[in-house]
Amino acid sequence: MEGVFVHESSYIDEGAVIGDGTKIWHFCHVQSGAEIGCHCSLGQNVNVGSNVKIGNGVKIQNNVSVYEGVTLADYVFCGPSCVFTNDLTPRAKYPKGNVGYKATPVGEGASIGANATIVCGHEVGAWSLIGAGAVVVSDVPAHALMLGVPAKRKGWVCECGTLLGAELACEDCGRAYRETDKGLEEVER
């Protein structure tokens with residue numbers, strides 16, 4: 001683990017794997033079996049659950065819990081206090097444990113805004129952008145801009161983050177896209 005920084009107030013359980021160049025700031029907890037890629041940043045008070053897989057270059061802002069069942073692909077951004085769930089019908093009196101958890105894959109480069117909630121069992125597509133405070137209750141297509149409660153697609157975004165117009169071509173970086181049944185895919189320009 002070259003160049004890994006773990007603040008002295010954080011706990012890394014035995015069996016957790018942390019990639020080179022990752023920084024883990026104040027009051028974090030990385031549980032056993034968690035795998036965190038290279039060059040990630042975990043802000044203050046982040047909890048990474050058992051058996052969670054986090055890709056390379058992921059940035060998790062303050063006060064986020066990434067529970068078992070959630071997978072973050074490379075370059076995912078999790079804004080401050082965003083929420084992941086992993087059980088659709090939790091009961092304190094009748095705990096199901098991890099057999100009741102629903103998988104929540106978050107695709108490459110997706111960004112989740114501050115205080116957004118991702119209800120478990122839904123896929124968040126690559127390079128999508130979930131607005132602050134949105135509540136995701138269905139699958140999110142690749143490159144979708146999702147806003148509101150419940151979150152609805154309000155547009156499309158480029159890989160670079162620019163809002164796309166009707167022609168689906170980015171004015172900033174020059175990428176172009178076409179719609180598919182899974183969202184947008186990049187095309188030659």
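A residue is called buried here when its relative accessible area is under 20%, and exposed when that value is over 50%, with partly exposed residues in between. The model is a predicted one, and within it Cys-40, at 2% relative accessibility, therefore counts as buried. The sulfur of Cys-40 has its closest cysteine sulfur in Cys-38, at 7.6 Å, which is too far for a bond. Cys-82 is likewise in no disulfide, the nearest cysteine sulfur being that of Cys-78, 4.4 Å away. Because a disulfide requires two cysteine sulfur atoms within 2.5 Å, the count for the model comes to zero. Cys-82 is also buried, with a relative accessible area of 2%.

Cys-40 leads on to Thr-22, whose side chain reaches the backbone nitrogen of Cys-40 at 3.1 Å. Thr-22 is found in the loop between strand 3 (17-18) and strand 4 (23-24), and, at 0% relative accessibility, Thr-22 counts as buried. A polar atom of the side chain of Thr-22 also lies 2.7 Å from the backbone oxygen of Gly-37. If residues up to four places away in sequence are not counted, Thr-22 touches Gly-3, Val-4 and Phe-5, together with Ile-36, Gly-37, Cys-38, His-39 and Cys-40.

With neighbours within four places in sequence left aside, Thr-104 is in contact with Gly-69, Val-70 and Thr-71, with Thr-85, and with Ile-118, Cys-120, Gly-121 and His-122.

What remains is the nonpolar interior. In soluble globular proteins, nonpolar side chains tend to be buried together. The largest nonpolar core of this model has 43 residues, and the members that touch the most other members are Leu-42, Val-48, Ile-54, Ile-60, Leu-72, Phe-84 and Ile-130. Strand 12 (70-72) and strand 20 (144-147) each supply at least two residues of this core.

Which residues does Val-48 touch, not counting those up to four places away in sequence? The contacts of Val-48 are His-29, Val-30, Gln-31, Ala-34, Ile-36, Leu-42, Ile-54 and Val-66. Among these contacts, Leu-42 and Ile-54 are also listed with the core members that touch the most others, while Ile-36 is a residue that Thr-22 touches too.

Conventions
Residues numbered from 1 in each chain as written. Predicted model: local features only at pLDDT ≥ 70, side-chain atom pairs only at ≥ 80, totals over all residues. Heavy atoms only, no water. Core = buried A, V, L, I, M, F, W, Y, C linked by side-chain atoms within 4.5 Å. Buried < 20%, exposed > 50% of the residue type's maximum accessible area, 1.4 Å probe, protein only. Helix = DSSP H or I, 4+ residues; strand = E, 2+ residues; numbered from the N terminus. Contact = heavy atoms within 4.5 Å. Polar contact = N/O pair within 3.5 Å; in protein donor to acceptor, adjacent residues only side chain to side chain.
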